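Here is a short briefing on one protein model. Keep the structure in view and find each residue as you read.

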Amino acid sequence: MTYRHSLSSAAAALIATLSVPVDASDAVHATGLHVVRQIPGPDGHWDYASFDPARRRVYIAHENVVIAIDADTGKANTAFAQGAGLHSVVPVPGTDLIVTTNSGDNTAKVISAVDGKLLGSIPTDNDPDGALYDPQSGLVIVICGDSGVLTLVDPKAMKAVGTIAVGGHLEFGASDGKGRVFVNVLDKNRTAVVDLITRKVVKNYELPGCKQPTGLAFVAGDRLIAVCVNGGVDVLDAHSGHNIASYNVPGFADAVIYDEQRRLAFVPSMITGTLSVIALSGQFDNTIIDTVPTKNGARSGTVDPKTGRIYLPAAEYILPAPKGKPPTAKPGTFAVLELDR
């Protein structure tokens with residue numbers, strides 16, 4: 001979610017009422033996770049983070065630059081690639097390509113993963129925001145929030161090959177790797193199911209515990225985890241939309257970070273500066289097992305599948321925010337938190 005483009009008045013009102021939480025860093029935590037390093041970066045807006053396992057890099061979409069962090073050394077290149085109102089950075093497996101989404105000029109840009117150079121700029125529908133790689137089709141699915149449209153990008157051909165109208169205000173999405181993509185519809189409190197073969201919406205799943213769904217992940221056991229501005233977490237059967245479990249976490253969760261190797265999901269809540277940990281070891285095991293202190297402002301992130309380390313971009317917000325307005329960050333406080341056991 002991007003505050004300049006997609007923060008609703010209801011979400012802004014919620015934020016305005018909240019204050020900075022009491023520090024809980026001395027608590028004992030079941031997972032052993034804690035912040036082991038803070039990697040500083042420039043001030044400015046940021047959105048999604050992603051991990052490139054082939055190059056062992058963390059990518060952060062940060063205003064008009066892609067930040068690239070070496071996961072082994074912690075060294076950051078704070079201007080690896082250029083963009084225009086960046087939201088997502090998607091590594092394309094088996095290639096030397098990454099795709100970024102840019103709401104500043106309504107494009108998806110194909111970037112060299114070797115040196116960050118621009119290789120191609122592809123027009124999209126209005127407000128390209130979240131994005132994901134679909135392994136079956138080899139396409140990058142660009143989620144255009146304001147227009148309610150998916151733009152389908154062929155990264156190798158460096159062109160758009162189609163669009164799918166979903167409707168509503170769209171947020172993040174996930175692929176099942178078998179030809180279906182799931183997309184959260186922020187203003188409808190539901191998840192749309194999209195068939196990439198027919199290029200149509202085939203189902204809509206209601207989210208009973210969710211108001212304004214943001215983050216989404218497809219996880220083990222063919223389950224979906226959707227998280228919402230109100231702190232609701234819904235676990236759904238991805239085939240039927242049946243609600244398996246619902247939880248509440250601290251407010252304004254904006255992402256679901258899935259660690260497939262360890263069967264864990266992580267939900268960062270930006271106002272309280274906490275990370276909720278959900279165990280997914282079995283098909284019906286959907287238990288919150290830990291709440292880890294992070295930092296005020298941490299709302300998106302990614303995980304290193306090899307080590308299980310978690311990376312959360314954050315900056316300390318000034319709270320409470322003015323009524324009806326998004327919070328602002330204190331200058332000099334942006335950093336990427338690295339959590340380990």
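**Briefing: cysteines, strands and a pocket**

Cys228 has a relative accessible area of 0%, so it is buried. The model is a predicted one.

**The disulfide**

- The whole structure holds one disulfide, according to a search.
- Buried means under 20% relative accessible area. Cys210 has 1% relative accessibility, so it counts as buried.
- Cys144 also counts as buried, because its relative accessibility is 0%.

**The largest pocket**

- The largest pocket contains about 1400 Å³ of space.
- Its lining is made of 44 residues. Closest to the centre are Phe51, Leu132, Tyr133, Tyr258 and Thr302.
- Which strands each supply at least two residues of the lining? They are strand 2 (46-52), strand 6 (86-92), strand 10 (128-134), strand 14 (170-175), strand 18, strand 22 (257-259) and strand 26 (302-303).
- Sorted by class, the lining has 27 nonpolar residues, eleven polar ones and six charged ones.

- How many of the six residues of strand 14 are buried? Six of the six are, so strand 14 is largely enclosed by the rest of the structure.
- Strand 14 pairs with strand 15 in the antiparallel sense, over four bridges.
- Look for Ala174, which stands opposite Phe182 in strand 15.
- The two strands form a hairpin with four residues between them. Gly177 in this hairpin takes a positive phi near 75°.
- Arg180 belongs to strand 15 (residues 180-185).
- Is Arg180 buried or exposed? Its relative accessibility is 17%, so Arg180 counts as buried.
- The side chain of Arg180 makes a polar contact with the side chain of His239, at 3.4 Å.

**Strands 16 and 17**

- Strand 16 (residues 190-195) and strand 17 are antiparallel partners, paired over six bridges.
- Val194 has Val201 in strand 17 as its bridge partner.
- Strand 16 and strand 17 make a hairpin with four residues between them.
- Arg199 lies in the turn of that hairpin, with a positive phi of about 60°.

**Positive phi in the loops**

- Most residues other than glycine have a negative phi.
- Glu63 is not a glycine, yet its phi is positive, near 55°.
- Where is Glu63? It is in the loop between strand 3 and strand 4 (65-70).
- Glu63 has a relative accessible area of 26%, so it is partly exposed.
- Asn189 is not a glycine either, and it has a positive phi of about 55°.
- Asn189 lies in the loop between strand 15 and strand 16.
- Asn189 counts as partly exposed, because its relative accessibility is 22%.

- Ala61 is part of strand 3 (residues 57-62).
- Ala61 is buried, because its relative accessible area is 0%.
- Ala61 and Ser50 are eleven residues apart along the chain, and their C-alpha atoms are separated by 8.7 Å.
- Phe80 is part of strand 5 (residues 76-82).
- Phe80 has a relative accessible area of 10%, so it is buried.
- Phe80 and His169 are 89 residues apart along the chain, and 30 Å separates their C-alpha atoms.

Key
Residues are numbered from 1 along each chain as its sequence is written. This is a predicted model: local features need pLDDT of at least 70, side-chain atom pairs count only at pLDDT 80 or more; totals for chains, interfaces and linings use all residues. Side-chain values use heavy atoms; hydrogens and water are left out. A disulfide is a pair of cysteine sulfur atoms within 2.5 Å. Buried means under 20% relative accessible area, exposed over 50%, partly exposed in between (1.4 Å probe, protein chains only). Two strands pair if DSSP finds at least two bridges between them. On a 1 Å grid over the protein atoms alone, a cavity is a set of points where a 1.4 Å probe fits but cannot get out, and a pocket is an open set with protein on both sides within 12 Å along at least five of seven lines; lining residues have an atom within 4 Å of a point. Grid points are joined across faces, edges and corners, and a volume is the space filled by probe spheres set on the points. Ala, Val, Leu, Ile, Met, Phe, Trp, Tyr, Cys and Pro count as nonpolar, Asp, Glu, Lys and Arg as charged, and the others, Gly among them, as polar. A polar contact is a pair of N or O atoms within 3.5 Å; within protein, one must be able to donate a hydrogen and the other to accept it, and residues adjacent in sequence count only if both atoms are side-chain atoms.
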